[in-house]
Amino acid sequence: HNGDLYAATSTYDWTRVKEGDYDPGHVYRYLGGQKWEDCGAPSDNRTLNSLASFHGKLYAAGGPNTKGVFVREGGKNWQPAKIFTDGSGLKEYCFPHAMCRHNGKLFVGWPAVFAFDGHDWRFAGDPIYHLQNGFLQTHSLELYQGKLHAGTWPEAKVAVYQGGEQWQDLGRIGQDGTETNALAVYNGKLYGGSIPRAEVCRYDGDASWTSLRRFYSPEGWRPGLPGKASRKEVNEWSRVTSLTVCDGKLFASTGSCTSSVKDAPIDVRGKVFSMEAGKMASYDDDLGPGWKHVAAVRDGRQLRLYIDGKLAAKSAEFAPSEYDLSNAQPLRIGFGQTEYFAGAMNDVRLYQGALSDSEIQTLSSKRPE
């Protein structure tokens, strides 16, 4: 947010959060080295589930004491941006878990999703409606192919937002998945992680998810059913707590269901894993205001990305013969696999050969009128 890194502290153990002796969650700003500035407690909430930068302000969301979204006004001063009621009405109740910016709005969800345009909050629908169970939790929000996607509990289903209050079911992550904690777009594909087997799956269109890895899945083990599981069965559940992309790889962190060492050992849980699919080079920071010159180069055994004439990222080296990119698909610029481009483009060029560093530097010095 505004060029600084922020972090929120939280009590993740949902089984003990109400009766445990826990402090409210605080937000901190990174000062470099091992120093952090305390930006205060946004509320009395012990669980801060998410942070978001929106319209120049920092927002924090959580519960369960005061379920809502809070905005930082400076120093350690926070004010409520939206307090949700505990009533039974779906259009009033929310225990904010996930937040995501999309199409100029801030979206927040759990169980249903609400949208904030900077002035008003609007009900944006229930991603998956469980007529039989009558309950839903929305734990993750992610952008894929220009649309907002939500990951839910109790069947680890993913839904895509259609506008208004409408959502479309995209299927289940894992054969017996219960909760989707993590969604991430990596090298053109949407990935999701779920409970109870700490399973990572790849979305392959329609309602099809391909399982890539079950980090916790003992032979013959049958996890308890959501809403009916005993405490012992809950303690056996494992989750993919997060997915993220860095240096051309997809990273997954794992944990037990409660993330308490009192309930499950640190074995495959409590670790970080990575995988690589194809080759990619990405610049993972804000480009900043004004015109920027972007050049992407495939040169023999490597991909390189330049921002304003300077090398910003490069892939690991690879054997060109193993990556045949021949296809009959249309070339799309600005319509990638995450949020679609919102801005202006000028002087778009394609070259039959790889440009040198000096050629890219010369091109980058020319700015549109």
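Which residue of strand 7 stands opposite Gly-68? In this predicted model, where local features need pLDDT of at least 70, side-chain atom pairs count only at pLDDT 80 or more, and totals for chains, interfaces and linings use all residues, that residue is Ile-83. Residues are numbered from 1 along each chain as its sequence is written, and side-chain values use heavy atoms, with hydrogens and water left out.

Strand 6 (residues 68-74) runs antiparallel to strand 7 and is joined to it by six bridges; strands are DSSP runs of E with at least two residues, numbered from the N terminus, and two of them pair if DSSP finds at least two bridges between them. Both belong to an open sheet of four strands, ordered 4-5-6-7 with antiparallel pairing. Strand 4 (47-54) and strand 7 (77-83) are the edges, and each has a single partner strand, so one side of each lacks a neighbour in the sheet.

Between strand 5 (57-63) and strand 6 lies Pro-64, which a cis peptide bond with omega of about 0° joins to Gly-63.

His-55, in the loop between strand 4 and strand 5, has phi near 55°, and Ala-156, in the loop between strand 13 (147-153) and strand 14 (157-163), has phi of about 50°. His-55 counts as exposed at 56% relative accessibility, whereas Ala-156 counts as buried at 0% (buried is under 20% relative accessible area, exposed over 50%, partly exposed in between; 1.4 Å probe, protein chains only).
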